[in-house]
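Please look over the sequence and the coordinates shown here before reading the notes on packing and backbone geometry below.

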Amino acid sequence: MQRALRGVIVERLTAYYENREWIEEDLAGKIRNRMLGAMFRQKSVIEVIETRIGKQSDLRSQIEIKRIDRLVEIACYRFHAVMRTKPIQDIFRGKTTRWYLFSRLEKTKLRKYQLHISPDLVWFTGSTCHLLRFTVQGVSNPGDDRRLENMAMVEWAKNQNGLPANLERYVVENLYWNKGVWNYWKERCTQRDYEDSIKMIYSDMNAMIDLHYRLGLSCDLSQIPLAKSKSTCRNCGHRDTCPGGEDLHRAKLEQSALEMAKSSMKRI
Ligand code: SF4
């Protein structure tokens, strides 16, 4: 649902940008089609998982038609709400005239890494350049890591022709859905924020490379860092094969026992 909603928000803005007609009555159909397309693609993945685990996947319950109807309803509600937010209203009212849409699939090269750090929407107010991402399912209190993750959009911007070279001309923004409303977070970029965001990217990439080696060729998921809460696992695509998906508490205990056993073996 989340991807379908973000896709349709971008589609609406693109239609406006290109001066194409937008038929509001088609909204539910558009969202439904996007969701069905994603589910169709997911179906073959579920089949592979089921062959591997030898039983029906829990993810199958997420593709029931009744559930889809409810999700389409929720997505329509969020769509109408986002259309009333300030950045979008400013565009529709002609207050913001210089604005651009970008794809999250765009890659930015940072040394040997290819990163997905582009914003969804960029616009100018005077000399300030705004970089915004839609987070269709956010958390109530986006912590420092989420802040720096957003700041990484400045690295993307620095690589674009026509966008400012001066970091302090950027305001990084996030429009995120939480507790039934769209919340708006924004912060002007500083040299320090920018540097911290780059440091965070390197440390995340190193952690991922380390994890990749720890998992080994068999991709043993018993070694992955587990989620903090059960609610995170509820919609996770790995929950059939990840030990945390079945019983997070037990998986954590088993994992720490395994870690202890490993470290005691190293000492011998
Ligand atoms: S199922 Fe596993 S991978 Fe998915 S969120 Fe839970 S702990 Fe993380």
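## Basis of the description

This is a predicted model, in which local features need pLDDT of at least 70 and side-chain atom pairs count only at pLDDT 80 or more, whereas totals for chains, interfaces and linings use all residues. Residues are numbered from 1 along each chain as its sequence is written.

## The largest nonpolar core

The largest nonpolar core has 36 residues, of which Leu5, Leu131, Met151, Met153 and Val154 touch the most other members; such a core is a set of buried Ala, Val, Leu, Ile, Met, Phe, Trp, Tyr and Cys residues joined through C-beta atoms within 7 Å. Helix α1 (residues 2-17) supplies the largest share of this core, five residues. Because domain 1 (2-82) and domain 2 (95-203) both give residues to this core, it lies between them; the domain bounds come from an automatic or database domain assignment.

Leaving aside neighbours within four places in sequence, Leu131 is in contact with Pro119, Val122, Met153, Val154, Ala157, Tyr170, Val172 and Glu173, where contact requires C-beta atoms, placed from the backbone, within 7 Å.

## Helix α7

Helix α7 (residues 191-215) has 25 residues and reaches 36 Å from its first C-alpha to its last, close to the 36 Å expected at 1.5 Å a residue, the expected span being 1.5 Å times one less than the number of residues. Helices (H or I, at least four residues) and strands (E, at least two) are DSSP runs, numbered from the N terminus.

The buried residues of α7 are Asp193, Tyr194, Ser197 and Ile201, and what covers them includes β2, β3, α5 (144-151) and α6 (153-158). A residue is buried if 20 or more other C-beta atoms, placed from the backbone, lie within 10 Å of its own, exposed if 12 or fewer, and partly exposed in between. After α7 comes Gly216, with a positive phi near 75°.

## Two loop residues with positive phi

Most residues other than glycine have a negative phi. Arg111, in the loop between β2 (108-110) and β3 (113-115), has a positive phi of about 50° although it is not a glycine, and it counts as exposed because it has 8 C-beta neighbours inside 10 Å.

Lys179, in the loop between β6 (170-178) and β7 (181-188), also has a positive phi of about 50°; with 7 C-beta neighbours inside 10 Å, Lys179 counts as exposed.

## A contact across the sequence

Ile53 belongs to helix α2 (residues 27-53) and, with 12 C-beta neighbours inside 10 Å, counts as exposed. Ile53 and Asp240 are 187 residues apart in sequence and 7.5 Å apart in space, C-alpha to C-alpha. Not counting residues up to four places away in sequence, Ile53 touches Asp240 and Thr241.

How values were computed. Contact = placed C-beta atoms within 7 Å.
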